[in-house]
Amino acid sequence: MQYILGKERAKDIIMNFLEERIQKDGVVKENNVLKVDSFLNHQMDVALFKQMGEEWKRRFADVPVTKILTIEASGIGIACVASECFDVPVVFAKKSRTINIDGEMYTAEVESFTHKCVNQIVVSKKFLNSDDHILIIDDFLANGCALQGLISVVSQSHATLAGIGIAIEKGFQPGGQTIRNLGYRLESLAIVDAMDAATGQITFRKQN
Ligand code: 5GP
């Protein structure tokens, strides 16, 4: 089921806190880009991040989590605030264009949705190991390249992937379906099923 909203909010529709904020302050751009830089990935609303962290904690209450893994740059803020709710450290994958990686790193290739280039991501082997239960956190899920890179890092470390928490999934792009089809537990706080740059209209997927 879906609900469709323009800037005029329908009275009888209950949105969650993040959908409300996207509706209020998100800007739909051309080329399937949703700009949320006034509260999420440039200026940051830390109180909103706290609500997001608490919601992921609620949704992943049944699984052990020993570490949060994210990717620079936009994932770091939300992952840090979420880490307080889980009381675990955060590790972030660094983006590096160099090919001089020493043997003490897990590496994966990630194509950037926003910058249209390929980055190598690296995580030191010191910080992830086979005893860990990893929760991956990121701001957006579009085609799923960033997530596939992070999942590869977790699998190289032989840690357990406890789950994946995404702030905004763009459900009209293939990443979410691909990740769910692979059997991973994916909790997106807001799923945008359609958006229109001309009208600013955003369609959210109804979630339980
Ligand atoms: P993916 O790898 O799933 O194609 O894209 C995920 C990454 O691209 C996210 O970490 C995020 O930084 C960026 N991204 C993808 N779509 C959007 C978007 O609509 N708006 C913004 N601000 N970032 C996006």
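# Ligand shell and fold of a predicted model

The shell around the ligand is made up of eight nonpolar, five polar and three charged residues. The structure is a predicted model. In this model the ligand sits in the largest pocket, and 16 residues surround it. The protein has five helices and eleven strands.

**Ligand shell**

- Leu-34, Ala-142, Gly-144, Ala-146 and Lys-170 are the closest of the 16 residues that surround the ligand.
- Three elements each supply at least two residues of the shell: strand E3 (33-35), strand E8 (133-141) and helix H4 (145-157).
- E8 gives the largest share of the shell, with four residues.

**Polar contacts and cover**

- On the side-chain part, an N or O atom in the side chain of Asp-139 is 3.1 Å from an oxygen atom of the ligand.
- On the backbone part, Gly-144 has an N or O atom that lies 2.7 Å from an oxygen atom of the ligand.
- Ala-146 also takes part through its backbone, where a polar atom is 2.8 Å from an oxygen atom of the ligand.
- On its own the ligand has 510 Å² of accessible area, and the protein covers 90% of this.

**Overall fold**

- The protein contains five helices and eleven strands.
- Its radius of gyration is 17 Å, close to the 17 Å that the globule rule gives for 208 residues, so the protein is as compact as a globular protein of that length.
- Taken along the principal axes, the box filled by the C-alpha atoms of the protein is roughly 55 × 35 × 35 Å.

- The peptide bond that joins Glu-72 and Ala-73 is cis, with omega about 0°.
- Ala-73 is located in the loop between strand E4 (67-71) and helix H3 (74-86).
- Asp-87 is not a glycine, yet its phi is positive, at about 55°.
- The loop that holds Asp-87 runs between H3 and strand E5 (90-96).

Conventions. Residues numbered from 1 in each chain as written. Predicted model: local features only at pLDDT ≥ 70, side-chain atom pairs only at ≥ 80, totals over all residues. Heavy atoms only, no water. Near = heavy atom within 4 Å. Polar contact = N/O pair within 3.5 Å; in protein donor to acceptor, adjacent residues only side chain to side chain. Areas by Shrake-Rupley, 256 points an atom, 1.4 Å probe, with all protein chains shown as cover. 1 Å grid on protein atoms, 1.4 Å probe; cavity = no way out; pocket = protein on both sides within 12 Å on 5 of 7 lines; lining within 4 Å. Sits in = over half its atoms within 2 Å of the grid points. Nonpolar A, V, L, I, M, F, W, Y, C, P; charged D, E, K, R; others polar. Rg over C-alpha atoms; globule rule 2.2 N^0.38 Å.
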